[in-house]
Amino acid sequence: MTRLFRRFFVVSMLFSASFLWAQSDDESDRSLIIVGSDTLAKLVTAWAEQFYVLNPTILIEVQAVGSAATPPALLLGTATIGTMSRRMNADERDAFTVRKQRPPIEISLAVDAVVLIVHQQNPLESVSMAEVGQIFGMPGTCGNSVRPVFWRDLREDSVLADRKLQVFGRTATSGTYQYFRRAALCDGDPGIFVNEMPGGAGIVNTVARVPGGIGYTATSYTSNDVKILGIERPDGRVLYPEDPEYPLKRTLYLYVMTDVRSERPSIECEFLAYVAGEKGRDLLRSAGFSIPQVADSQSALGVADACG
Amino acid sequence: MIGLSASMVSTVLLIGSGLFILLVASAGDWLFLSSEPFEAGFLDRLNDVFFAKPNVENGLTGLFPAIVGTLSLVMVMTLFVAPLGVATAIYLSEYARDTWYTKLIRISITNLAGVPAIIYGIFGLGFFVYGLGGQVDALFYADRLPSPTFGTPGLLWAALTLALVNLPVVIVAVTEGLDAVPNDLREASIALGATKSETVFKAVMPAALPSVFSGLILATARAAGEVSPLLLVGAVKFSPSLPLSSRAPFIEFEQKFMHLGFQLFDAVLFARLPPGGLGWVACIALILVLLIGVLNVTAVSLRAAVLKRQTVENPF
Amino acid sequence: MPVANWRHFKSVSLGLLIRAASFTVIFALLGMVVQMMVVAAPIFAASTLERIDSPEGVRGALVLRAESQDADLTQSTYWVSKDGWQLQGSPGNPWLWVHDQTAVRLNVRELPSDFSIAQMVGHQRGLAVLVGNTLEHFHFSQSTSINNVPAVERVKTVLVGSDIVALAGHPRLAVVAFATSSSEIQVVDFRNPNASLRIQVDVEIDTIVWVSPSLIRALTPSGDALLFVFRATDIGGDWRRLLSPIEYEGYPSEEYLWLPLPSAQRAEPKYSVVPLIFGTLKAALLALLFSAPLSLGCAIYVGCFMSEAQRQRVRPAIDMLTAFPTVVLGAIGLFWLAPRFGEFLSALIGVIALFPILAILGVFVVRGLGWRWVRHDALDDWPLRLLPLVLLVIAVGAAAGLSGAARLPGGSLEAYLLSSGVSISHFNSLLVGIVLGLAITPTIFSIAEEAIHAVPRNLAAGALALGSTPWQGYRDVVLPLALPGMIAAIMVGFGRAAGETMILVMLSGNTGIMDLSIFEGLRSVSASLALELPEAPKTSSHYQVLFVMGLLLFGLTFIVNTVAEIIRARVRMRVRGL
């Protein structure tokens, strides 16, 4: 028995020794960690995968846990690139000014729409923004007083008349949630009756299977299993996500926070160059987003060019 | 009334088999019959299950890296849990007297066994990742700061966290095995002049070795299926590189890794599944269940071999 | 002790190493508690106010934001709502809502006209009005809107000691800072008005401004600036805010709400842990309801009536249920059970309702087969032999349930319930209870079975010898001794159900409601931890409150497990002597 333990002891000592020795290896310095929004997760993962094929020496990790993770990660240096499905707010920016003396580079990455989805067999075609506030918010949101509990409260002739509305939304740390709260709920609270789901895809999966379900999610997650609702304007016109005046359109952002040391920025620049290039844009479109029309200083291409 | 309780047993067995059949049917249906979400053809689909690249459409990816990641995690976890668990079990079985300290240890073990896994995740995040990891970074990897090397979730911390989660399992299994060793063996060893540690390590331990393996295998099974702590300490949705490398020490301890249970969690909640895509989820679930089932069976047969020494006949 | 030789030395040192290793168990447990307490502690800290000389090192100090000052003291328009309503007021005159386009004027009766100073507090959600010697705090809400005019409601009245010279409202929280005529700077938190902070200065103060959420600047008439740093947690130093119902801004009544925010947003964060604890307890109790009969039944049979050999075979078979990790059970529940829940429920009701009839029928069937099939001396085989019968019972019951449901008005159980006013949510507590119950069954079974099996055989043998039937032998002799162990098993099962994460994340719907109906969802502590902890900023109040909840969960499982362990130790003592 002691022989076994002796051998084990020796092996573990060697292990630990080599583990200390590994730190002298500089090769693994080329790593890229991307954190952030779940909405952009599939796209960023696909980009990372393709980028790795082109640059096998660069280690990429993608963590899509939610937009709220990006500012702290960039501040701590846990990641150098972060995506957010909302803009960084003033408080988050302040933290950069104080800690790092400069703000992160903001890039308008893609344009996405937040859509309302229902079950395929739901006869509902469109809702007004006021109704959206009634359905998803606490009573009193946006000046509405009564929450529709049954489908007949919303539309009198609904086939689903006696069923309750099953409302699905995202969790509080999601950028989609925060955008929706600002744009559709007048900054008010979402109802506690809203079933919170951690991922946008989960909402689509669930609403596709629940006849009385209604939820909100990003267009990139929708599929043919669910029906996308139009938004009624007070003047009667119904807007769909393809229309330019669709009210729930948002820009998705990418933030780059690099270190002042010389060698580090090049990895991020290479990645941005890939993202802005032809292959990157193709992937972006196939993921369901569109390219934003912005000035060069805010586009991936412009920034990639600038960092050279 | 006896019939009633007997039928409870039957019901449980039925439910277990029913769930298993459900998974097999769904997975089989997808593999053999349906045509989504990847290409048609059984072999193609089987290949996809293991080796597919991440798909932009639905966010699913092959399981091979996850299996490797799970195995690496289990290997490193065993490195930590085996010595600690065995040593504590030896203490409880061979060295401990009936003092308050021993009672405290026993209560601690039972409590550790009952602590929700997510709490281990919280502790792992705070103590291992930010605490120890931050210190390691400050001492050894300061030139890479503020980009953290060990001050961030990774394989090592996940393995340590799971080692804590599984410590009670190993301790209980090894203690059982040690208790099953008849006292004659110990007495004979002492009579022949062996010291206490010689008795324990050279006479008793070899007899209890199957229990050690049984405990470790049970720990492995739990490590494969426990997802909650890994949400916080190291598993990721996708990592293009395996946590193994050709450079020493051959395992990348600071990397994040993919894990089988985490892949299932991710597929269920974050993947955009088409109507026939449930089969994919069933595949992942089936592989996981088979893996854990096989491990459990192995552990149990080892345990049975050890416990055959202690039987009391039932008068009923 | 003096060592005799190398072998002795080895023995002693190994013994010490082993003792040291055994300490890790206690260390791990203590470490977890200490670490969680250390992280959670700051949330209970009281708010602080201190004077500083220079603004460096204060977070956000360098940023001067215009919108932190929502109203100038000289202007009389305090707020413009989204619909264009301006709140106008000046000391001594009634308050008015004036619409900027239609110029409609409405009296605001709720606000006092005899005020001296008024300031916006908390970014357009509240108004602090100084009336004589009292500070009154008003909320704006949109609930009862006529013409979309925001409603105003008085929330709190705080008595202040001396005359107030200058007043400023916090840009985000319901906090005001003011300077008094006796050269004192005070900060009052409307959430916790009794704990006001004061600093005495020696100079006369002219104006006071909230430069950033943590920095106050007071100006003397000569233009000198005094700086103060204000730190407060999101619960304002009052831990009762985590537990008691609170009338939040914009809400007409007191509520228990869990709506935390990940970063500084414009709304008020709400940190009541009560709905979460309610949800956890509800889920755990429902799980016990479903699991206890099943697992205890199995434990009784395997522990008491099976031969040793068979027991060694059947115990692992039931433990095989652990081969389904909770992720898998959650996935199965989400994709296979939840969409068909109405039908499943009808089938279940059918089985349970018909069970007595079918059971008695079953007894006759078995009797008809002359007891050859199930013999008392072959108790080992009963589960297997009864399996076809059980399958038949389940099938018949399920079929009866389904066809019975189809015959109900409405065509299905769900429709029938709908017509009676009961609506089954997609993610409901019953679903959670069933799946969670399945998950904890092996745990309860394992412990209960051990307890039953530990009762010495000779007692039971004695009862049999005196002529009792096996069941009587069990009920009167074994059960009383095994009962504490079975209770301990249930307690451990409860602890496991309370701590379970995956199933609750996937199947509970995470709705923060406190509804007793089993057809509605719930929100549990563990699911909130799993969903929110990975992204909560490490220094935020949200993170700290999550750790408080982690401690509560840990405390619950600790108490339950320790009590169970004490019960089991006592039973072990008692049984040993027999």
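How many salt bridges does the structure hold over all chains? The structure, a predicted model, holds 23 salt bridges over all chains.

**View 1. The interface between chain B and chain C.** On the side of chain B, 86 residues are in contact with 90 residues of chain C. The size of an interface is often given as the accessible area lost when the parts come together. For chain B and chain C, about 7900 Å² is buried between the two, and carbon and sulfur atoms account for 80% of it.

**View 2. Polar and charged pairs across the interface of chain B and chain C.** Between these two chains the count of salt bridges is 1. The side chains that meet in a salt bridge are those of C:R7 and B:E198, with an N to O distance of 2.7 Å. Residue pairs in polar contact between chain B and chain C, with both residues at pLDDT 80 or more, number 6. Helix α1 of chain B (residues 2–33) supplies the largest share of the side of chain B that touches chain C, namely 20 residues. Classified by residue type, that side of chain B comprises 60 nonpolar, 23 polar and 3 charged residues.

View 3. A:R285 and A:D282 form a salt bridge in which the closest N and O atoms are 3.8 Å apart. Because A:R285 and A:D282 lie 3 residues apart in helix α10 (residues 278–286) of chain A, about one helical turn separates them.

**View 4. The open sheet β1-β16-β15-β14 of chain C.** This open sheet of chain C is formed by 4 strands in the order β1-β16-β15-β14, and the pairing is antiparallel. At its edges are β1 (48–52) and β14 (207–212) of chain C, each of which pairs on one side only. On average, neighbouring strands of this sheet are turned by 25° against each other, direction ignored. Strand β15 (residues 215–219) of chain C pairs with β14(C) in the antiparallel sense over 5 bridges. Within chain C, C:T207 stands opposite C:L219 in β15(C).

View 5. Strands β3 (residues 85–88) and β4 (residues 96–99) of chain C pair in the antiparallel sense over 4 bridges. C:Q88 stands opposite C:L96 in β4(C).

Technical notes:
Residues are numbered from 1 along each chain as its sequence is written. Chains are lettered from A and ligands numbered from 1 in the order in which they are written. This is a predicted model: local features need pLDDT of at least 70, side-chain atom pairs count only at pLDDT 80 or more; totals for chains, interfaces and linings use all residues. Side-chain values use heavy atoms; hydrogens and water are left out. Contact means heavy atoms within 4.5 Å. Buried area is the accessible area (1.4 Å probe) that two parts lose on being put together, summed over both. A salt bridge is a side-chain nitrogen of Lys or Arg within 4 Å of a carboxyl oxygen of Asp or Glu. A polar contact is a pair of N or O atoms within 3.5 Å; within protein, one must be able to donate a hydrogen and the other to accept it, and residues adjacent in sequence count only if both atoms are side-chain atoms. Helices (H or I, at least four residues) and strands (E, at least two) are DSSP runs, numbered from the N terminus. Ala, Val, Leu, Ile, Met, Phe, Trp, Tyr, Cys and Pro count as nonpolar, Asp, Glu, Lys and Arg as charged, and the others, Gly among them, as polar. Two strands pair if DSSP finds at least two bridges between them. Axes are lines fitted to C-alpha atoms, for helices over the stretch in contact, and angles run from 0 to 180 degrees between N-to-C directions.
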